[in-house]
Every structure is written in structure tokens, then in C-alpha cells.
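Subject: Handing over a structure

Hello,

I am passing a structure on to you. Please have a look at it below, then read my notes.

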Amino acid sequence: NFLEIVGGLGETAFFILKQRKVSVENYISIDLPVINIFQGYFLSKVFGASKVRLFGENKTEDTVFSVFPPQAIGSLKDIDFDVLFNQNSLPEIPEDSILEYLNFARKHLSGIFVSYNHEAYAPVGGVPQNLPPEIISRAGGFKRLSRTKSWLRSAYVEEIYKVVG
């Protein structure tokens, strides 16, 4: 089971499943409702409409992708996840939302949390962006297993965490 926070268009889901190096039963993506429409459309065109469900639709035996808005996170309490993934957005998400995702992950993540985000710490409207390692540390319950500077994108860092305690 794979949970992506802010899945965007669905490119990560596309690449993971097209590579076929990993078996994924459930790929759940959380993003803003307007983005869910684009992602649902894209994934339906690539993998077939029967493989994709939007929030409020029932899961079928064909469903692989679930595309949900942030308020749906509570409906996932019966699922344990092997991978939690986020890229390009933790610095921009409101801190209380990040803490909600991390609190959820502490209870439902049995595998790893992969964060691939920038650390530019550039103010937007006078408010500094979040530093992912700082907020993850402050949330507690995660041990960083690795931290690697991205060789593709300057100011980006890939970190891998696991839940502890």
C-alpha cells in the first residue's frame, strides 16, 4: 500500500506502476480537489477508468488508484501503508496539515517515509516556507535513515524515515 501526499498530476504513480518493479495493491494519492480531477483523468487514460476511483466512489476489485482530497485522510484509518511519499510540497503545505499527515503516518505506516523536497526556505508573502527535516523532527516519532543531496535538482534533498516508538 502506497500513500502519496500531494500527488499532483499522478506522474509518480505512473512511473512506479509502469516500471512494474514493485507490486502495488493500493496507491492512494491525497491532493486538492481540483488537482484530483486532473490526476483522476490522467490515470484513467493511462491505466483505464476501472483502475481509478475518486473520493466518494466505491472501491472495486479492479481499483488500484484512489484519488482523494485532504479531508479524506480520516477515512483511511483501516489501512496500513508500506510507503509514504511526498515530493515538491512539504515546504509549501501549512504546518498544521503536515503535522496531521505525520500523526496519521505514525499510526498507519509500517514501512518507510520518503521525502524529496527543496530546502530553499524562501519566504512567500513574508512567511518562511517549512523545512521538512525540522518539522518532521518536531512532529516526533520518525527516525531518519538517510539524507542525500539531490544530484538532479539543486537545493533538493531526499530523506528516508521510518516510524519509531
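In what order do the elements of the chain run from the N terminus on? The order is β-α-β-α-β-β-β-α-β-α-β-β. That gives four helices and eight strands in the chain. Helices (H or I, at least four residues) and strands (E, at least two) are DSSP runs, numbered from the N terminus. The radius of gyration is 16 Å, close to the 15 Å from the globule rule for 165 residues, so the chain is as compact as a globular protein of that length. That radius is taken over C-alpha atoms, and the globule rule is 2.2 Å times the number of residues to the power 0.38.

Two notes on the source. This is a predicted model, where local features need pLDDT of at least 70, side-chain atom pairs count only at pLDDT 80 or more, and totals for chains, interfaces and linings use all residues. Residues are numbered from 1 along each chain as its sequence is written, and side-chain values use heavy atoms, with hydrogens and water left out.

The whole chain

Along the principal axes, the C-alpha atoms fill a box of roughly 40 × 35 × 30 Å. Of the 165 residues, 42% count as buried. Buried means under 20% relative accessible area, exposed means over 50%, and partly exposed lies in between (1.4 Å probe, protein chains only). The accessible surface comes to about 9100 Å². Carbon and sulfur atoms hold 55% of that surface. Accessible areas come from the Shrake-Rupley method with a 1.4 Å probe; for residues, only the protein chains shown count as cover.

Now the contacts (heavy atoms within 4.5 Å). Take those in the chain with a separation of 6 or more: residues 24 or more positions apart account for 68% of them.

On charge, there are 17 positive and 18 negative side chains. The centres of the two sets lie 5 Å apart. Lys and Arg count as positive and Asp and Glu as negative, while His and the chain ends are not counted. The place of a charge is NZ of Lys, CZ of Arg, CG of Asp or CD of Glu.

The strands

Two strands pair if DSSP finds at least two bridges between them. Start with β2 (residues 27–30). Strand β1 (residues 2–5) pairs with β2 in the parallel sense over four bridges. There, Glu-4 stands opposite Ser-29. Four bridges also join β2 to β4, again parallel. Ile-30 has Phe-68 as its bridge partner in β4.

Strand β4 (residues 65–68) has a parallel link to β3 (residues 52–54) as well, through three bridges. Here Leu-54 is partnered with Val-67.

Which residues of β4 lie on each side? Phe-65 and Val-67 are on one side, Ser-66 and Phe-68 on the other. All four are buried, so both faces of β4 are covered.

Phe-81 has Leu-109 as its bridge partner in β6. Seven of the ten residues of β6 (residues 109–118) are buried, so this strand is largely enclosed by the rest of the structure.

The loops

Asp-78 sits in the loop between β4 and β5. Is Asp-78 buried or exposed? Asp-78 is exposed, with a relative accessible area of 74%. Its C-alpha atom is separated by 26 Å from that of Tyr-41, 37 residues apart along the chain.

Asn-88 is in the loop between β5 (81–87) and α3 (95–108). Phi of Asn-88 is near 65°, a positive value in a residue other than glycine. Asn-88 is partly exposed, at 27% relative accessible area.

The loop between β7 (142–149) and β8 (156–163) holds Ala-155. Ala-155 is not a glycine either, yet its phi is positive, about 75°. Ala-155 is partly exposed, at 39%.

Ser-150 is in the loop between β7 and β8 too. Ser-150 is buried, with a relative accessible area of 11%. Leaving aside neighbours within four places in sequence, Ser-150 is in contact with Tyr-116, Tyr-156 and Val-157. Ser-150 and Tyr-116 are 34 residues apart in sequence and 8.4 Å apart in space, C-alpha to C-alpha.

Best wishes
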